[in-house]
Amino acid sequence: GEVCNMINKKYDEFLPSMQSAEDLVSQVDVLSGNIALLRAGIENEVQRDLNVAVAEFTELKQQLEQDTLVLSILKKLQEFDTALKEYNTALLEKKYVAAAQQLEKARSSLKMLESRKGFELKILKALGTELTVQTQNMLYHLGEEWQKLAVWKLPPSKESSSLESAMHSELHLRTVPSEEEETAGPRVASVLQAFAVLGELRTKLKTFGQLLLKYILKPLISYPSLQPFTEEQSDVLILRFKSSEPNLNHSSPVEVFDKIKLIFEVLHKYLLNVPLEQPAEEKKDCRVMLPELLGDMIWEELSDCLIQNCLVNSIPTNSSKLQQYIEAGVIKSTEEFEKALKNMQFLKGDTTDLLKYARNVNSHFANKKCQDVIVAARNLMTSEIHNTVKITPDSCVALPSLPDPGTGDHLKMQKTSKLLHNNVVNLENETKLSQYTFSLPTCRISSSVERLMELAYQTLLEATASTDQCCIQLFYSVRNIFQLFYDVVPTYHRENLQKLPQLAAIHHNNCMYIAHHLLTLGHQFRYRLTNILCDGAATFVDLVPGFRRLGMECFLAQMRVQKGEILERLSSARNFSNMDDEENYCAANKAIRQVLHQLKRLGKVWQDVLPVNVYCKAMGTLLNTALTEIVTRIAALEDISAEDADRLYSLCRIMVEEGPQVFTPLPEDDKNKKYQEEVPVYVQKWMTFKELMIILQATLQEIVDQWADGKGPLAAEFSAAEVKSLIRALFQNTERRAAALAKIK
């Protein structure tokens, strides 16, 4: 019973919950149906409407973007148009800066338009053209205005730049602006500012700067007689030149600086003292100074010109003037000149090349001095060799006062002028060498070489009085003089040294003279020089052998030429054979006469030129060449008839009698006899030639006696074979001849 109750009780509780679950299911079914309906509705209708809306929205957005773009483009076009209109108005009112700014505005509008991608308007091309035309128009107007502000009156262009044309150059600057512009500010400022806005300022200034350099600044530096002056008329200031007598051919830097300063002051006052605004994007600091712009453009060229044509010339040429230069204040006036230009803002920054150059006077002095020395030396070397002076063992190089050897470094210049003798070289104060240790024989040298030697001594003397650096440079300059001589002279005078025996002789003497002086040249100055030159080598001795060789080679080459001519002439003597034939005899006689004539001419051109010992050796060598050739030819003959022998003898006699007469080393005839008698000393084959003449006249017995068993005078000059050959040629084949031949061995 209890179990039943429990079941009933559970069942009663179960039924209602079952009921509510069923309700729930039916509700879900209804909801589910609704959802299905709704989904169907959404899928069929709402989705479609939504798609349409999105498409519409996108289209509207694109439309808006398109409209905005068109609007901004129209706005830019309008800006462009307004800018050009305002530009035109401003230009008419001569408000140049405003006009230029409007043009720039138009330009930036156009840039914006062109940068739009996918939007190419045909109209843009036309606008670009219009802008270019208007810009050119504006520049033309500005150019016209600028030309009224700074008017150049220049000489006709065909005149070259000369003092004459500089006198005709003028620059007119407007001083008073006319009434209508009083309001617009000074015209200069507006014109230049407008150029600046259009980016054309530099071009304009550059042209102006070039004219300024060409017609005003450079002529002032080049022509000391030009004086700039200004003249004020009602509304212009005229800058022009007058000419005054120059007191020097180079103007002093101080004067030139003053003249140029005046020009810059005028420009500063009337033309360039206007502050300008630079277009913003070009410069962070938009203020720009006109003088600075112009200065940048012309300073380098101006400063070069000042250095080359003004400071260089003011550099002194000797040490005494060097002090004056420093005291004369060239350096100070250069500093002041630069300072003035800085104050006017033409120059910025510190020490320029100009000032560095002026301050560096010691080094320029040395360079200039060295250059002058080398130029002078070169001129001497390329001058004529044949203007000569006579040198004797007593000749001396006139020397300016030399420092006293005892003073070492502390140079006290001696007032007395020492003469450096060719023979006495005072090596130490106490020791005198023999008079002839270093003596030069009497001869002639080119006067230019004597002057060259003086130049070398003077330069070394100058060196001893200079600063260390300068001293070293000058010492090496002197060495360069000699190196230069060695290179230049033989080349420059090559043709004449080959063709003209006299010049070859003078050149030979020149080289020997230089070599002679180089032996002692460094010595007089050694106290000063050796302390400075690092290796202590204040010497020229190393150059001596080269100069001796140079002189010898040139003279020996000339000797070879002369020998060649002698042999050439003797070659026309038909080998001295068959002299009984008149024609042969004439040819041989003519050849001998020509040789003697040649030697006589040489004897004359070398007379008083070559040192006597060199002269005698040279003439002796050439006469010897002739005699040797004649002996060789005659000794080689196979048959000499009695008449041949007589004629050969008479030809040889001409040589023996007239040969010595070609020895005329001195102009005074009576002094030459001594040398003519000494001919056998200088002519090696003289005795051989005399023996040959004896053979031509001798009997067989006399020849045998002259031979004297190989101990006679004949044996001293000829070999046995040569004597036998001559006997066979001169005598017919007899027993006496055979006997004589047997004794020659």
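**Note on the predicted model: cores, sheet, cysteines**

1. Start at Phe208. Setting aside residues within four places in sequence, Phe208 is in contact with Trp146, Ala150, Trp152, Leu171, Leu267, Leu271 and Leu294. Contact here means heavy atoms within 4.5 Å.

2. Ground rules. This is a predicted model, in which local features need pLDDT of at least 70 and side-chain atom pairs count only at pLDDT 80 or more, while totals for chains, interfaces and linings use all residues. Residues are numbered from 1 along each chain as its sequence is written, and side-chain values use heavy atoms, with hydrogens and water left out.

3. The chain overall. The protein chain holds 28 helices and 10 strands. Both are DSSP runs numbered from the N terminus: helices are H or I with at least four residues, strands are E with at least two. Of the 745 residues in the chain, 43% are buried. Buried means under 20% relative accessible area, exposed over 50%, and partly exposed in between, with a 1.4 Å probe and protein chains only. Among contacts with a separation of 6 or more, 75% join residues 24 or more positions apart.

4. The largest nonpolar core. It has 90 residues. A nonpolar core is a set of buried Ala, Val, Leu, Ile, Met, Phe, Trp, Tyr and Cys residues joined through side-chain atoms within 4.5 Å. Met138, Phe208, Leu212, Ile216, Leu217, Ile260 and Leu267 touch the most other members. Helix α8 (residues 290–314) gives this core its largest share, 11 residues. Domain 1 (10–147) and domain 2 (154–175 + 186–350) each supply at least three residues. Those bounds come from an automatic or database domain assignment. A second core is separate and has 72 residues, including Ile630, Leu696, Val704 and Val723.

5. The sheet. Four strands form an open sheet in the order β1-β2-β4-β3, with antiparallel pairing. Strands pair if DSSP finds at least two bridges between them. At the edges are β1 (150–153) and β3 (226–232), each pairing on one side only. Neighbouring strands are turned by 20 degrees against each other on average, direction ignored. Axes are lines fitted to C-alpha atoms, for helices over the stretch in contact, and angles run from 0 to 180 degrees between N-to-C directions.

6. Strand pairing. β1 and β2 share four antiparallel bridges. Lys153 stands opposite Glu170 in β2. β2 and β4 also pair in the antiparallel sense, over four bridges. His172 has Ile238 in β4 as its bridge partner. β3 and β4 (residues 236–243) are antiparallel over seven bridges. A hairpin of three residues joins β3 to β4. Gln227 stands opposite Lys242 in β4, and the bridge partner of Leu226 in β4 is Ser243.

7. Strand β2. Which way do its side chains point? Glu170, His172 and Arg174 point one way, Leu171 and Leu173 the other, and all are buried. Five of the five residues of β2 are buried, so this strand is largely enclosed by the rest of the structure.

8. Helix α6 (residues 201–222) lies across β1, β2 (170–174), β3 and β4, and runs at about 50 degrees to β1. Helix α7 (residues 253–272) packs on the sheet and touches β1, β2, β3 and β4; its direction makes about 25 degrees with that of β3.

9. Cysteines. How many disulfides does the structure hold? It holds zero. A disulfide is a pair of cysteine sulfur atoms within 2.5 Å. The closest cysteine sulfur to that of Cys470 belongs to Cys370, 6.5 Å away, so it is too far for a bond. Cys470 counts as buried, at 2% relative accessibility. Cys554 is in no disulfide either, and its nearest cysteine sulfur, in Cys511, is 7.2 Å away. Cys554 also counts as buried, at 14% relative accessibility.

10. Leu714. This residue is in helix α26 (residues 713–717). Is Leu714 buried or exposed? Its relative accessibility is 1%, so it counts as buried. Beyond residues up to four places away in sequence, Leu714 touches Glu691, Ile695, Ile703, Gln706, Trp707 and Val723. Val723 is one of the residues of the second core. Lys690 is 24 residues from Leu714 in sequence and 9.6 Å away in space, C-alpha to C-alpha.
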